[in-house]
Amino acid sequence: MRPWLLLIAAALACAETPKLAEPYGSLVELAHATPPEFAADALLRLAESGKITDRDARRDLIEQAFTLAAGARFPVRLRGVPGTLVDTRSGFLSQAYDLKLDALSLESRAVQDMLRIDPAQARKLIQEIPPPVLAPLTCDDALFYDVADFYQAVGAIANSAFTDKERAKEEHVNFLLDYIGQATSGAQFLPLAQMIQSAGVTTEQREILWTKFNGMLASVSSDDRSLSALFVSAQQGPAGEMQDLVRKSLKSAGCPNDVGRSAVPVNLLPTVPAKSDTTPKLERYWQSAEAQRLLEDGKRLRIAADGRLLTEADRSAPEWQQRLADYLSALAAWGPAQEKSETDYYNEKCLVYIALVELIPPGPQRDKTLDAFVDFVSSSGLQQQSPAEWFLQANAMLERMRPLSNGDSGKVLETYERSGNPILALETSLEKTLGVKASAWTTGTN
């Protein structure tokens with residue numbers, strides 16, 4: 001996080017908003033009242049929406065978003081190891097990272113947006129992004145780095161932001177060579193290789209890039225976790241260079257006893273003895289006595305003793321309603337002291353609320369439960385500690401309600417709008433004005 005950029009971002013928040021017609025001007029004001037990752041995302045959504053036809057206004061929104069993005073709490077995206085994502089602390093953190101509210105993803109997105117309207121300015125912006133600093137990981141780590149969006153943006157700049165005169169001098173090739181030479185982690189190997197493959201260069205120039213890349217492989221000592229992630233990711237790449245890339249990067253064993261290792265073809269893995277214990281180390285959910293009790297009692301609200309799913313008529317009966325009332329009392333009494341961390345408690349309790357709002361038949365009790373969920377979310381300290389992780393559950397409630405045809409997603413938006421929470425109010429206004437947000441911004445695969 002760059003302090004000087006944060007100072008500029010703070011100044012922008014107090015500055016006069018762009019001269020935009022309503023309701024877009026109000027959206028910008030709402031955005032500046034939220035943490036930087038949400039403000040940057042909102043301004044980019046507005047610039048990308050097609051609603052703003054003035055080119056200078058779009059450029060202004062993108063530049064503001066780029067500056068604000070540096071203040072995001074997450075510096076770089078991480079992803080969970082395959083096989084570890086269900087009901088684990090790291091699995092939910094991985095889902096939060098999938099929202100792409102980290103600084104590097106937001107900055108890369110801003111560069112791509114700027115490239116469509118002002119290639120020269122986009123080139124300046126990407127040169128303001130420091131190379132990713134990727135501290136070494138261990139096999140115990142359940143998350144690995146994903147910097148694909150950044151290198152997609154670098155490749156796009158090389159392909160589209162250099163003039164014919166500059167390309168004749170091979171300045172675009174030197175630009176790519178600089179980024180290859182800055183690599184320090186195995187997490188950068190695959191996106192760099194994909195960048196080279198998609199580069200708009202001659203055959204001879206591509207050979208120069210591959211030579212630089214191979215030299216980088218020989219000099220960079222990667223950690224085991226990043227190499228294991230590379231083994232899995234390489235399966236999705238073209239057979240030629242990607243398989244060769246994996247073979248050349250086997251300077252260490254990776255993590256030979258990973259939970260998700262069975263998904264990796266045997267011929268891509270080094271031959272090493274298996275460890276006696278599995279990696280990574282996980283914090284699993286629903287382990288406390290109270291969490292387990294609520295989980296089991298919650299299942300009985302959904303499933304009858306004979307194993308059939310309870311119908312809406314079953315769930316409208318007085319007996320079921322009494323069981324629900326008892327369950328809600330137990331849920332209200334469940335506190336964070338009973339769980340390993342405040343974050344674990346927050347995620348588990350939100351999951352229960354979301355399941356209940358889905359389950360309870362439409363009516364006052366469902367509305368009351370939705371209100372309780374919003375009150376719980378709005379009062380959580382996780383909003384300040386880890387904003388994207390906090391927002392994951394509010395977003396999940398919307399995502400779960402949207403497929404229903406009875407207007408429940410609109411009810412959620414109404415509840416968010418009157419919550420008094422600036423982030424929930426911003427999300428409501430964005431959705432009403434611009435439409436439903438895609439699950440994650442991406443220039444390629446997620």
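Is cysteine 139 buried or exposed, and what is its relative accessible area? Cysteine 139 is buried, at a relative accessible area of 8%, where buried denotes under 20% relative accessible area, exposed over 50% and partly exposed the range in between (1.4 Å probe, protein chains only).

## Basis of the report

The model is predicted: local features need pLDDT of at least 70 and side-chain atom pairs count only at pLDDT 80 or more, whereas totals for chains, interfaces and linings use all residues. Residues are numbered from 1 along each chain as its sequence is written, and side-chain values use heavy atoms, with hydrogens and water left out.

## The disulfide

The whole structure contains 1 disulfide, defined as a pair of cysteine sulfur atoms within 2.5 Å. Cysteine 139 and cysteine 255 form this link, with their sulfur atoms 2.2 Å apart. The link is left-handed, with -95 degrees about the S-S bond. Because cysteine 139 lies in the loop between helix H7 (119-127) and strand E2 (143-145), and cysteine 255 in the loop between helix H14 (239-248) and helix H15 (289-302), the pair ties together parts 116 residues apart in sequence. Helices (H or I, at least four residues) and strands (E, at least two) are DSSP runs, numbered from the N terminus.

Cysteine 255 is buried, with a relative accessible area of 1%. Cysteine 350 is buried as well, at 0%.

## Helix H18

Helix H18 (residues 364-378) has 15 residues. Buried residues in H18 are Arg366, Thr369, Leu370, Phe373, Val374, Phe376 and Val377. They cover an arc of only 160 degrees around the axis, so they lie on the same side of H18; the arc is that of the directions from the helix axis to the C-beta atoms. Exposed residues Pro364, Lys368 and Asp375 are carried by the face turned away from the buried side of H18.

Terms used
Expected span 1.5 Å × (residues − 1).
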